[in-house]
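This briefing accompanies the sequence and structure shown below.

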Amino acid sequence: MKQSTLLTDIIHHGDCHDILPTLPDECVDLIVTSPPYADRRKHTYGGVAPEEYVEWFLPISAELKRVLKPEGSFILNIKERVIDGERGTYVMELVIEMRKQGWLWVEEYCWHKKNSYPGKWPNRFRDSWEHCFHFTKQKNFKMYQEAVMVPMGEWAEKRLKKLTKNDIVRDESRSQSGFGKRVANWIGREKVYPTNVLHLATEVSNKKHSAVFPVELPMWFIKLFTQEGDVVLDPFMGSGTTARAAEKLKRHYIGIEIKEEYVNLANAILEPQRMLLEEKAESYSGKRRKK
Ligand SMILES: C[S@@+](CC[C@H](N)C(=O)[O-])C[C@H]1O[C@@H](n2cnc3c(N)ncnc32)[C@H](O)[C@@H]1O
């Protein structure tokens, strides 16, 4: 049964296969999520076999497409594991099948895990990154690039001091790609647009959930793709990181989590932040009334 009114700022307890169909059409602005990776953490929250992964996920992505607003975005954080000495292909297969489902695969952001632990493997090196796929329903989607600009950095001081002839005109790409740059455009600016690589340490303080992403990860995408008051959905909410990020940034959230103990954990983590935000809002409105 679909809800006629949208309930936000709650974490539903249940399987997202069952809960998503209860949400209204086109009600969320952004979906950020990290589903269980195939065959991972079977003992903590049940893994899906790699060969069944795409079939398992497609009904979920179909529902996500239905509940997402036309100009919204979907960020899928995932990583294929190694099986018998080879990387699995189910993530690539999933991207291809989601395109067939009507999603546009706009971009792949890379989450570089700054603090991955050292190790030695016979046929590869330390795994230090994960995919964050960006899907949309249409070519024009909401994106607020200024919200994630970064400081220009030291290179600018040296680079912009000595401008060459090419730097003050538009320097067309030598590979005829159509891309060009005018370095002089950056004189006097303090901030630049970031790259598609996010350098963030993994979350190590939350010992009660085994697969938490850092709060800065959903925060970055929430700033990039939404505005205050918008609605963010995470159908695999775990310990509530996406909800925390949304709340901090004054967005609404909808969460779904299959394990009751994680729903309770997420609510317990959210409670002190909620109280702090309420206190701040009260003291702000008190100050305004005095003025
Ligand atoms: C990778 S974890 C997400 C962790 C989360 N990003 C965080 O920072 O805490 C995936 C979560 O999805 C939950 N889950 C697995 N299958 C589910 C389903 N069918 N519906 C809803 N939640 C599910 C698991 O219990 C687990 O907490």
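The model is predicted.

**Nonpolar core**

- The largest nonpolar core comprises 53 residues.
- Within this core, the residues with the most contacts are Val28, Leu30, Ile31, Phe221, Ile222 and Val232.
- Helix H6, spanning residues 216–225, gives the most to this core, contributing seven residues.
- Leaving aside residues up to four places away in sequence, Phe221 touches Leu30, Val32 and Ile75.

**Packing of helices H7 and H8**

- Helix H7 (residues 241–248) and helix H8 (residues 260–290) have axes that come within 10 Å of each other and cross at roughly 10°.
- Angles under 35 degrees count as roughly parallel, and H7 and H8 are therefore roughly parallel to each other.
- On the H7 side, the contact is made by Ala243, Arg244 and Glu247.
- On the H8 side, Ala266, Ile269, Leu270, Gln273, Arg274 and Leu277 make the contact.

**Proline 21**

- Proline 21 lies in the loop between helix H1 (16–19) and strand E2 (28–33).
- With 14 other C-beta atoms within 10 Å, proline 21 is partly exposed; a residue would need 20 or more to be buried, and 12 or fewer to be exposed.
- Proline 21 and serine 73 are separated by 52 residues in sequence, and their C-alpha atoms are 19 Å apart in space.

Terms used
Residues are numbered from 1 along each chain as its sequence is written. This is a predicted model: local features need pLDDT of at least 70, side-chain atom pairs count only at pLDDT 80 or more; totals for chains, interfaces and linings use all residues. A nonpolar core is a set of buried Ala, Val, Leu, Ile, Met, Phe, Trp, Tyr and Cys residues joined through C-beta atoms within 7 Å. Helices (H or I, at least four residues) and strands (E, at least two) are DSSP runs, numbered from the N terminus. Two residues are in contact if their C-beta atoms, placed from the backbone, lie within 7 Å. Axes are lines fitted to C-alpha atoms, for helices over the stretch in contact, and angles run from 0 to 180 degrees between N-to-C directions. Angles under 35 degrees count as roughly parallel, over 145 as roughly antiparallel, 65 to 115 as roughly perpendicular and the rest as oblique.
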